[in-house]
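Here are my notes on the charged side-chain pairs. Please read them with the model open.

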Amino acid sequence: MKKIILAAGTLSLLMFAACSDDNTAGNAVEPNGIADLSSSSEEIPGTSEENPTGNDDVPSESSSSGNQPIDPPSVRPPITIDFESINTFTTVPTDKRKLGKTIISVYKEENAASGNCTVGEQELTGIVKINDGLITRAYSGRNLKVKVPDIVYMLKKTCAYTLDAANQTIDSLNVQGDSFDFACISGSDYMSIDDALGRFKNIMTSSCTQLDMQASLDSLDSARTANAPVPIIFSDEDPNEKIILDTTSRTLASYALQYAKPEELSFDPHVMAYNSNLRKDCFTAMDRYKESNGIITINSEPIMPIEREAIPACYPATSSIVDFTSRDESCKYYLVGSDDGAQPTGHVLSKITKDTIETISISPGGACMRTEAYFTVYFLIEDCEGLIDENTTVVHRGARSKRWKCEEGNYSPTLKAQSYGEWYSESL
């Protein structure tokens with residue numbers, strides 16, 4: 001049986017950035033015994049003196065009457081984080097329902113609830129229990145494809161939304177590779193499981209959605225990897241060379257210069273513009289947007305012909321400096337898409353031949369924070385030679401920048417590249 005026994009005055013606060021593949025953090029779980037724990041006063045990630053909660057728009061868990069602190073040792077016996085006990089229910093669920101991938105079960109008689117989801121081999125479970133002025137939350141993940149420190153950090157935030165509340169929390173975290181067990185106990189004004197159920201449902205459904213999204217991305221990556229082209233390797237940068245970027249002109253040449261040397265990265269001359277933010281008006285003008293009974297459908301393809309009259313709706317800044325309707329009548333125009341699965345990422349359409357269009361997605365060098373968002377960016381192509389037809393294929397290659405990178409200990413690139421928005425060819 002895994003147990004952690006703490007005197008009620010013993011307080012701990014986790015720092016997840018230090019988690020490795022096989023480690024414990026905070027009040028660590030000792031698999032074969034009882035751990036001796038000491039106090040900790042580490043700072044909550046993302047907080048500061050000006051913003052101690054690190055989350056301005058999320059209310060504190062306590063009600064207007066104030067948070068109930070955990071009683072001192074003289075009042076309350078030692079508090080135990082016992083995973084086996086937490087995961088045990090003695091009654092049958094009084095309510096059970098499925099929310100997306102998540103199954104939520106409510107145990108009214110025990111003032112508790114549980115949630116679980118399975119996505120492929122990935123498993124996530126959660127439990128919340130209320131008893132004697134304390135609220136216990138416990139989560140377990142197995143065979144996860146998402147980053148364990150990231151998902152644990154989000155689950156940790158359900159324990160306390162303020163620094164004061166965090167200082168009244170005891171917790172335990174055990175990380176083993178792609179799996180983890182985490183539990184926390186804190187004082188609470190909640191009397192009924194109904195009070196905590198809304199927040200519990202939200203964190204479980206959103207976390208299970210993250211598992212599902214990652215599984216989908218992994219499936220796409222596997223399909224691409226089976227026939228993936230060799231990634232591009234840029235040469236090392238001269239550490240003594242000062243890189244000065246002028247992104248005010250919004251030209252494609254300036255865009256590519258953010259990521260690599262001009263001789264190693266540039267747009268094909270057939271590229272007229274790039275835009276990461278095509279809106280409804282664009283797809284409506286292309287007759288590819290339909291809405292029926294509240295369901296929106298966008299008919300999107302890797303290569304899409306576009307009429308000249310529709311270009312201003314898709315590339316307004318570009319159209320403000322050039323009238324495409326007055327250009328050579330023999331030219332045809334196309335939109336070519338490139339998937340953006342994690343931000344920030346730069347995108348360059350580097351080559352167009354008779355058979356192939358090649359795009360390059362550039363990630364920042366170093367260990368950088370990435371988002372989980374997913375969308376498509378688009379390049380506007382002018383084809384006056386008849387290069388593009390129904391047999392043309394799009395090849396996507398990857399690269400990692402050596403000038404746009406995160407230094408050690410800094411999870412945001414030092415060089416502040418602008419990867420998104422609308423950019424246009426300097427030839428215009």
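1. A salt bridge here is a side-chain nitrogen of Lys or Arg within 4 Å of a carboxyl oxygen of Asp or Glu. By this rule the count comes to nine. This is a predicted model: local features need pLDDT of at least 70, side-chain atom pairs count only at pLDDT 80 or more, and totals for chains, interfaces and linings use all residues. Residues are numbered from 1 along each chain as its sequence is written, and side-chain values use heavy atoms, with hydrogens and water left out.

2. Asp236 and Lys402 form a salt bridge, 2.7 Å from N to O. Asp236 sits in the loop between helix H4 (193–225) and helix H5 (252–257), and Lys402 in strand S19 (residues 393–405), so the pair ties together parts 166 residues apart in sequence. Helices (H or I, at least four residues) and strands (E, at least two) are DSSP runs, numbered from the N terminus.

3. How accessible are these two? Asp236 is exposed, at 57% relative accessible area. Lys402 is partly exposed, at 28%. Buried means under 20% relative accessible area, exposed over 50%, and partly exposed in between (1.4 Å probe, protein chains only).

4. Glu382 pairs with Arg327 in a salt bridge; their closest N and O atoms are 2.6 Å apart. Glu382 belongs to strand S18 (residues 375–383) and Arg327 to the loop between helix H8 (316–319) and strand S15 (332–340), so this pair ties together parts 55 residues apart in sequence. Glu382 is buried at 9%, whereas Arg327 is partly exposed at 27%.

5. Asp95 forms a salt bridge with Arg97, with 2.9 Å between the closest N and O atoms. Asp95 is partly exposed, at 29%. Arg97 is partly exposed, at 42%.
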